[in-house]
Amino acid sequence: MIDGASDTIQFAHRHLLGIEGLSPDDITLLLDHSESYVEQNRQIDKKKSVLRGRTIINLFFEASTRTRTSFELAGKRLGGDVINMSVSTSSIKKGETLIDTAMTLNAMHPDVLVLRHPDAGAAKLLSEKVNCAVINAGDGSHEHPTQALLDALTIRRRRGGLQGLKVAICGDIVHSRVARSNIHLLNTMGARVRLIAPRTLIPEGVERLGVEVFYDMKEGLEDCDIVMMLRLQSERMHGNFFPSIREYFHFFGLDYEKLASAKPDALIMHPGPMNRGVEIDSEVADDIGRSAIREQVEMGVAVRMACLELLTLNRPETEQGNL
Amino acid sequence: MAGKPSESLGRVAYVNARLVDPASGLDAPGALLTEGEVIADFGAGLFSEGVPEGIKVVDCGGHCLIPGLVDIRVQLREPGEEHKGTLASGGRAATAGGITTMVCLPNTVPVIDDMSVVEFIARRARLLGLTKVYCYGAVTKGLEGRALAEMGMLAEAGAVAFTDGVKAVGDAQVMRRALSYAGTYRLLIVQHPEESSLAEDGAMNAGETATRLGLQGIPRAAEIIIVERDIRLVEMTGGRIHFAHVSTAEAIEAVARAKTRGLNVTCDTAPPYFALNETAVGDYRTFAKLSPPLRAEADRQAVVDGLKNGTIDAIASDHAPHDEDAKRLPFAQAACGGIGLETLLPVSLEFYQNGQMSLTDVLRLLTCGPADVLGLSAGRLEKGLPADLTLFDPDRAWKVVADDLLSKSKNSPFDGRPVQGRVLRTVVDGRAVYGREG
């Protein structure tokens with residue numbers, strides 16, 4: 001079905017740098033496309049050949065297990081050649097810049113570069129310097145588009161759609177690229193987004209992105225369909241955002257008591273890795289009836305397959321120009 | 001003096017009183033009835049046909065019966081420095097001063113940056129049964145100005161607001177985060193407004209007197225800079241701030257401007273800053289060594305104006321007991337601070353005696369004014385509220401003699417001052433906790 005339909009599929013972008021700027025049609029296309037891969041990934045034979053002959057480089061400047069593995073599997077299941085580069089262990093230590101590394105890799109003619117980088121805007125910068133498609137797998141506190149897509153796919157499969165849902169995103173908003181991508185996606189698709197965190201973790205002017213801000217979990221979770229928890233990103237915190245883990249968990253950790261103000265069937269999500277006892281109570285995280293956390297991981301592979309395929313379909317037969 | 005909790009209080013009628021309640025503007029002859037621990041009724045017509053039998057009667061002799069004073073800045077030194085003062089000695093001094101509610105700073109040992117200390121103080125004060133004691137929690141752990149204290153949980157344990165006590169939160173980023181974080185729970189930050197890098201070497205107000213005495217000065221700008229900076233931070237974070245003991249004209253102007261702009265900014269001052277100026281330091285009198293330092297006459301006048309025009313929301317005693325060893329030192333080495341619980345009312349009443357303010361306006365700054373800053377349901381006469389009352393004679397003249405004060409430490413900057421206004425009876429939760437005959 002996918003293979004047969006490929007001629008008509010049009011994804012209007014050369015890169016996937018963020019959710020901001022994507023239209024509802026773009027997002028729907030990516031999600032619809034992902035959907036079929038969910039089934040394929042549950043088969044014994046998971047292998048396709050749509051990316052045969054294509055080269056995908058996972059260029060990771062930050063430690064990552066799940067996202068890198070997910071992209072690697074996605075590429076391999078589509079028959080592509082996947083190379084993983086963890087730059088923390090190679091040339092960056094020898095003083096090579098992002099652009100140097102990119103130019104070196106570009107000379108090897110990859111079709112897709114998947115970039116994870118600690119600085120916001122790194123993917124955009126890279127996309128201006130290479131011939132291939134670039135997928136942003138997380139740039140600093142800016143965006144993580146495939147995470148938002150996999151979250152959307154998870155919600156859509158459970159709830160049938162996104163329109164009109166009340167979604168709470170809770171926790172370390174200020175440092176979170178997942179939050180930003182999700183805010184853009186959910187707003188674009190007609191969901192209503194609430195942010196819940198201590199004031200210190202709410203970035204200035206965020207209301208202008210079309211969200212409602214709450215500083216109290218019970219108030220913010222009231223009547224919500226979806227509860228998205230975020231990981232506290234201690235590695236990005238310089239200084240004092242809250243006094244202690246104990247106090248954070250007391251007021252903002254998701255436990256059954258706070259969850260009680262959400263809808264009875266509210267879905268719990270977390271991009272992982274979880275800090276149990278920090279932003280989420282173990283019991284809640286492991287609640288099979290409520291938690292979609294493992295499903296999110298499964299959807300991740302399908303979404304990344306769709307992204308890789310749609311972006312490579314957009315590639316010209318031969319590279320033009322030489323940057 | 002303190003009533004036993006188990007004692008049945010019954011009903012008490014305070015008759016022949018001049019009832020003054022600044023919160024409602026009441027100032028009229030009348031009576032007040034307490035039932036158990038609460039105010040049951042009051043007014044001009046109450047008991048006009050005599051007090052029914054079975055009600056205990058207290059004749060107020062025409063003196064003023066007011067809501068008990070609320071003092072939002074005291075250091076009680078317990079736990080940790082009991083040689084300077086204790087909850088018991090501070091409690092007795094407070095009842096003698098007509099204070100029924102007080103709020104202590106977190107600079108105890110250990111610091112009030114942990115819920116257990118809040119609970120310790122609450123339990124000890126409750127057992128004493130004297131003046132009610134609330135406490136501030138620390139803004140930063142150990143009052144060190146770096147890591148935020150657990151303000152949310154401290155507030156749940158009972159801390160009414162947050163301050164680093166006699167130290168300012170100096171680092172602007174820490175203050176920004178503190179205001180922002182406190183805003184999460186709508187908590188108030190109380191700042192001692194003093195830029196420490198400008199103040200740390202000084203012993204008194206910078207200026208001619210300091211120069212003559214050969215003492216290093218603390219510039220007025222040390223206060224103004226922090227007040228102006230923190231107002232910017234409040235605007236940026238949406239937090240709430242209260243400046244303690246403001247002492248300079250420009251700081252008061254800055255607060256007035258912030259209020260006009262609708263920011264959540266309040267301030268208080270203490271009697272030394274409107275009743276004394278830097279000349280009180282005289283010949284190196286360490287009892288006049290305070291923090292902030294006593295200022296020049298023009299600043300004292302600005303504080304008076306700020307109180308009269310409402311820019312300053314409250315008067316607090318700034319009670320800071322020190323033992324003799326901490327004060328009997330060369331001026332530069334002596335500790336800062338003076339006791340103030342027993343002189344708060346009479347020194348404030350000077351505004352009334354000299355015709356600068358009405359009695360109601362003075363008392364507002366000592367009752368509902370400070371209570372409203374902290375959101376305490378105290379400092380007003382209302383049916384159903386705890387019967388926390390002060391009976392005083394506004395005209396009775398006496399002389400402050402430090403050694404006669406009940407405070408354990410005797411370091412009063414007002415020693416020897418002739419004053420008017422004497423507390424006759426102090427009632428907490430319907431119980432008489434202080435009484436003076438004749």
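This note covers the cysteines of chain B and strand pairing in chains A and B.

1. The model is predicted: local features need pLDDT of at least 70, side-chain atom pairs count only at pLDDT 80 or more, and totals for chains, interfaces and linings use all residues. Residues are numbered from 1 along each chain as written, chains are lettered from A and ligands numbered from 1 in the order written, and side-chain values use heavy atoms, without hydrogens and water.

2. With a disulfide taken as two cysteine sulfur atoms within 2.5 Å, the count over all chains is zero. For Cys267(B), the nearest cysteine sulfur belongs to Cys368(B), 16 Å away. Cys267(B) is buried, at 0% relative accessible area (buried is under 20%, exposed over 50%, partly exposed in between; 1.4 Å probe, protein chains only).

3. Cys336(B) is partly exposed at 35%. Its sulfur lies 20 Å from that of Cys104(B), the closest, which is too far for a bond.

4. Chain A has an open parallel sheet of four strands, ordered β2-β1-β3-β4. Strands are DSSP E runs of at least two residues, helices H or I runs of at least four, numbered from the N terminus; pairing needs at least two DSSP bridges. β2 (81-86) and β4 (133-139) of chain A are the edges, each with a single partner strand, so one side of each has no neighbour in the sheet.

5. β3 (residues 112-117) of chain A joins β4(A) through five parallel bridges. Val114(A) has Ile135(A) as its bridge partner there.

6. In chain B, β17 (residues 418-428) and β18 (residues 431-435) run antiparallel, joined by four bridges. Val428(B) faces Arg431(B). Two residues separate the strands of this hairpin; Asp429(B), in the turn, has a positive phi of about 50°.
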